[in-house]
Amino acid sequence: MLGASLVPINATEHWTHKKTADGDIRLFMFRKFATNVTTPKGRIFFVHGSSMASQPTFDLQVEGRPFSSVMDWFASQGYDTWCVDMEGYGRSDKHRPIHCDLSNGVDDLQAASDYIISVTDATPMLMYGISSGALRAAMFAERCPSRVAKVALDAFVWTGAGSPTLEERRKKLEQFRRQPRRPIDRAFVHSIFNRDHPGTAEEKVIDAFATAILALDHEMPTGTYVDMCGHLPTVDPVKLTMPTLIMRGEYDGIASMEDLVAFFEKLPHPSKEFTVMQGISHASFQQKNYELVYHILRSFFERPAPVYSGQH
């Protein structure tokens, strides 16, 4: 079981800018690390999904739930942890009347990584993305492979084949194409946990998650929905040249096993892993089995490089 941290954690807010044809876009970033760690084990860059900003996803605080914040947990393990609100989300700029599609999110990641490098160093990062955040992380890893040491893709989707969640979402595709933003409320957040397999998350955690999300946003961009329903695939597995982890919740309705296995088979790097997370649906860090997710991710990030690779 996870216990309370005895390690003092430093939390800092950061801001950077993304240059666009419409002018600079201000992006909010958040960082957590242990104050007693001078040389971190690695630098983790967490990438959020379609319907919530970064801090509710990766720094959720729930009373009586040890290390509810994945950033706190990895910081206590000696990692330097970062996240960013994409344009259109949370505390980042929302004024442009655009859909904020996946490619736009990759631009955000590039601007954020530029900033991280400027205040730390150019050591390749460990990346984790969930749902559309996994697509953004994978697309960023394609675009900037030298910046990514390893990439973990949770609740990922490749072609969308066999996805009940996307099949249902496609019924509103034309509406999403017409409207740059869509409303969300507390009932919507609860639907994320009830659509696949009710009972995988505690009610108090869902309530805390909804409160944290709605404190920042009452509507979300539609761009990732449009891309995931109408423009897949957006990632070429052959171009992911770094160690890659595919994480699928047992009950997650986003991607079928067949879709993910086909993607996994095409990954070129010999260090690749596919894991099914028992008892988990979507939003894995908010599930009852969140400790399992943390340890799967830590094992992947901390796996040593092979002594022998077979290459001459």
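In this predicted model, helix 7 (residues 186-194) and helix 8 (residues 203-214) pack at an angle of about 135 degrees, with their axes 9 Å apart. Axes here are lines fitted to C-alpha atoms, for helices over the stretch in contact, and angles run from 0 to 180 degrees between N-to-C directions. Helices (H or I, at least four residues) and strands (E, at least two) are DSSP runs, numbered from the N terminus. The angle makes helix 7 oblique to helix 8, where oblique covers whatever is left once angles under 35 degrees are called roughly parallel, over 145 roughly antiparallel and 65 to 115 roughly perpendicular. Helix 7 passes helix 8 in a right-handed crossing, that is, with the near helix turned clockwise from the far one by less than a right angle.

From helix 7, Arg-186, Val-189, His-190 and Phe-193 take part in the contact (heavy atoms within 4.5 Å); they meet Glu-203, Ile-206, Asp-207, Phe-209, Ala-210, Thr-211, Ile-213 and Leu-214 of helix 8. By class, this contact comprises seven nonpolar, two polar and three charged residues; Ala, Val, Leu, Ile, Met, Phe, Trp, Tyr, Cys and Pro count as nonpolar, Asp, Glu, Lys and Arg as charged, and the others, Gly among them, as polar.

Val-189 belongs to helix 7. Its relative accessible area is 0%, so Val-189 is buried, a term for values under 20%, with exposed meaning over 50% and partly exposed in between (1.4 Å probe, protein chains only). Not counting residues up to four places away in sequence, Val-189 touches Ile-206, Phe-209, Ala-210 and Ile-213.

Helix 8 has twelve residues and reaches 16 Å from its first C-alpha to its last, close to the 16 Å expected at 1.5 Å a residue; the expected span is 1.5 Å times one less than the number of residues. Its buried residues are Val-205, Ile-206, Ala-208, Phe-209, Ala-210, Ile-213 and Leu-214. These pack against helix 1 (54-58), helix 7 and strand 8 (219-221).

Elsewhere, Ser-92 lies in the loop between strand 4 (80-84) and helix 3 (102-119). Ser-92 counts as buried because its relative accessibility is 4%. Leaving aside neighbours within four places in sequence, Ser-92 is in contact with Arg-26, Leu-27, Phe-28, Asp-85, Met-86 and Glu-87. The C-alpha atoms of Ser-92 and His-17 are separated by 9.6 Å, although the two residues are 75 residues apart along the chain.

Residues are numbered from 1 along each chain as its sequence is written, and side-chain values use heavy atoms, with hydrogens and water left out. Local features need pLDDT of at least 70 and side-chain atom pairs count only at pLDDT 80 or more, whereas totals for chains, interfaces and linings use all residues.
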